[in-house]
Amino acid sequence: MTKGSKIVSVEDLSISFKHDENEKIVVQNLDFDLFKGETLGVVGESGSGKSVTAMSFLKLLPSSASYPNGKIWFHQENEKTDLLSLSEKEIRRFRGKKIAMIFQNPMNSLNPTHRCGAQVLEAILLHEAVSKSDAKKRVLELFEKVELNDPERIYSSYPHQLSGGQIQRIMIAMAVSCNPDVLIADEPTTALDVTVQQSILRLLEEIKKEFETTVIFISHDLGVIHEIADRVLVMRKGKIVESGNTKSIFADAKHPYTKGLINCRPPLEKRLDRLPTVEEYIDGKVPVLKEISRTSFDQRLTELNSTDELLKVEHLKKYYVKSRSFLGRPKEWTKAVDGVSFSMKVGETLGLVGESGSGKSTLGKTLLKLIPATDGQVHFKGHSIFDLPKPQLKNLRKDFQIIFQNPYGSLNPRMKIGKAIMEPMVVHKLFESKSQRKEKSIELLEMVGLEADHWNRYPHQFSGGQRQRICIARTLSLSPKFIVCDESVSALDVSIQAQILNLLKDLKDQFELSYLFISHDLSVIKHISDNVLVMQHGKIVERNNAEDLFSNPKEGYTQRLLEAIPKV
C-alpha cells in the first residue's frame with residue numbers, strides 16, 4: 001500500500017442505540033476517509049459521537065447498538081473488507097493486529113487483578129506465533145520504547161501501583177505490540193498533566209514514524225489536536241460539521257461550532273473578564289470579549305491586600321507510612337504535604353498548580369480537616385481548625401466547603417438532586433421547615449443555570465456539566481465563605497468548562513466568595529486566579545501573582561509546566 005492511499009473508508013455510517021422500545025440515532029450518515037500515514041484528529045464535545053464512531057471500527061459497541069445503514073471499509077493490498085459485516089470470530093483477526101485502540105481512562109483499561117506485563121504479553125501471544133520468553137522480551141523492549149523506567153518492575157506491577165501516566169504508556173505499548181496498521185487514540189491525554197500529556201503526544205509521534213502507523217486521535221481539546229493532527233474532523237450531535245487540514249481549520253474556521261470550540265479555551269496571552277461559550281457562537285451572538293488590563297489587575301491586587309486575612313496555613317504536613325519495620329514501626333514516609341505555609345485574603349482566588357502526585361489535592365483536603373494533618377496549623381477567620389472541639393468545628397464547617405473533581409462520583413445515584421442540595425441544610429439545621437429548604441434549593445438550581453423542574457430528577461438524568469452545576473448548588477446551600485475547587489473543571493469539555501468558570505466568577509462576586517482553585521491546567525489557573533502557588537513533591541516551590549508568574553516564571557519546574565501547554 002503506497003503512502004497516502006486510503007486505509008479506511010467510512011460510507012454513510014449511522015449508529016443507533018435501543019433503550020426500552022425507543023431507538024436513538026447517535027451517529028448520522030458519516031462519510032470520511034482515513035489515509036495511510038496521517039494523523040486524523042476528531043474533535044467535538046461529549047455526546048458528539050466521536051468515541052462511538054471509533055469503537056464501531058472494531059465492533060466494540062454493546063448489543064443495544066445497531067447500524068441502520070453504512071459501511072466501514074478496511075483496505076489492504078488490492079482488497080477491502082467491510083468491518084461491520086464480520087462475525088465476532090472474524091473481527092478478532094482485526095482487533096489489535098490490524099486496528100488497535102488506546103482507551104480514554106487508563107485506570108479502567110487494565111485488569112486490576114493481573115500484573116501489567118502479563119496483560120501486554122497476552123495481547124502478543126494472541127496474535128503472534130512466538131514463544132512466551134520471546135513475547136516477554138518484546139514486552140520489556142516496548143516498555144523501554146514508551147519510556148517506562150525500570151521495565152522489569154513495571155512488568156511485575158499491578159495497575160494500582162502505578163500512576164495514570166505510566167498506565168497510559170502501558171496501554172500504548174499494548175496497542176502497538178502487534179504493529180497495527182491503524183491506531184485509535186480515544187482521549188488518551190484528557191486526565192493527564194500537561195507535562196505527561198506532552199510526553200505522550202511526543203511518544204505517539206515517534207511510534208507513528210517508527211511503525212508507519214496511521215493514527216485517529218480523538219479529543220475535545222483543540223490545543224492537543226492542533227499539536228498532533230494533520231487533518232481534522234469536527235463532530236457535533238453525530239454529524240461532521242467541518243473538516244479540513246489542521247492549519248486551515250485553525251486559521252479560518254467556517255462553522256460557528258468550530259469557532260466556539262477554538263475560542264472558549266482560556267487564552268494565555270491575555271486575561272478576559274468572561275470566556276465566550278460555544279452556544280453564543282451557534283446562536284449567532286458573536287461575543288464581545290472584554291480584556292482586563294494589567295492596570296486593572298494590579299488595582300485588584302492592591303484592593304485584595306487591604307482586606308482581612310481569611311486563611312493562614314503554617315508549616316502544614318501530611319505524611320503517609322511508606323514502609324514498616326519487622327515490628328510494624330514506620331520506617332519510610334511519603335511526604336505528600338511537607339511544611340507548607342501560605343495565607344489568603346477575603347475575596348481572593350488562589351491558584352494551586354502542579355503535576356499529579358505533587359500534593360495539591362491532599363493539601364486541600366488536609367486544610368479542611370477532611371483528612372488528619374501530621375503537623376502544622378490552619379487558622380480560618382482567626383480560629384485554629386485543628387484545635388476546635390467538634391461542636392464548634394461543625395458550626396465553622398458551614399463557612400468552608402469543597403467541590404470535587406468528579407461530578408459523576410460526587411452525587412448519590414439513589415438520591416434526587418433536590419434532596420441532595422437540601423441535605424447540608426438539614427445537617428446544619430438551616431431554615432425552619434422542609435418547604436423553606438425546598439424553596440432555597442430550587443433558587444440555587446436556577447442560580448447555577450438549571451431549572452426548577454430538575455428538582456425531582458436523579459443524577460443519571462444529567463450530563464457531566466449539569467452534575468457539576470448541581471454540586472456547586474449543593475456547596476452554596478450553606479452560604480460558605482471559602483471553597484476549595486479541587487480540579488472541578490478538569491473532567492469537563494472545553495465549552496462546559498467555560499460556562500462553569502464564568503459561573504464561579506459570577507458567584508464569587510455575588511456572594512463575596514474566596515477560592516482555593518486546584519488544577520493542573522495552567523490556562524485555567526491564569527484565567528481565574530489572583531495569585532498562584534506552584535507545588536512540587538509536597539512543597540511550594542514558587543508563588544507570585546498570576547500575571548507575573550506566567551510572564552516571568554523563576555523556577556525551572558514552573559517553566560517546564562508552562563512550556564508543556566498546548567498552543568493554539
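This is a predicted model: local features need pLDDT of at least 70, side-chain atom pairs count only at pLDDT 80 or more; totals for chains, interfaces and linings use all residues.
A word on the source. Residues are numbered from 1 along each chain as its sequence is written, and side-chain values use heavy atoms, with hydrogens and water left out. Local features need pLDDT of at least 70, side-chain atom pairs count only at pLDDT 80 or more, and totals for chains, interfaces and linings use all residues.

Back to the helices. α4 spans residues 132-145 and α6 spans residues 164-176. Helices (H or I, at least four residues) and strands (E, at least two) are DSSP runs, numbered from the N terminus. The axes of α4 and α6 come within 9 Å and cross at roughly 130 degrees. Axes are lines fitted to C-alpha atoms, for helices over the stretch in contact, and angles run from 0 to 180 degrees between N-to-C directions. α4 and α6 are therefore oblique to each other; under 35 degrees is roughly parallel, over 145 roughly antiparallel, 65 to 115 roughly perpendicular, and the rest oblique.

Next, the strands. Which strands pair with β11? Strand β12 (residues 330-345) pairs with β11 (residues 309-324) in the antiparallel sense over twelve bridges, and strand β14 (residues 375-380) pairs with β11, also antiparallel, over five bridges. Two strands pair if DSSP finds at least two bridges between them. K312 has S343 in β12 as its bridge partner, while K317 stands opposite D375 in β14. The hairpin of β11 and β12 has five residues between the strands, and G328 there takes a positive phi near 90 degrees.

Most residues other than glycine have a negative phi. D150, in the loop between α4 and α5, has a positive phi near 55 degrees. K381, in the loop between β14 and β15, has a positive phi near 50 degrees.

Buried means under 20% relative accessible area, exposed over 50%, and partly exposed in between (1.4 Å probe, protein chains only).

Last, S441 in helix α16 counts as buried, at 0% relative accessibility. Leaving aside neighbours within four places in sequence, S441 is in contact with G418, I421, M422, M425 and W455.

How values were computed:
Contact means heavy atoms within 4.5 Å.
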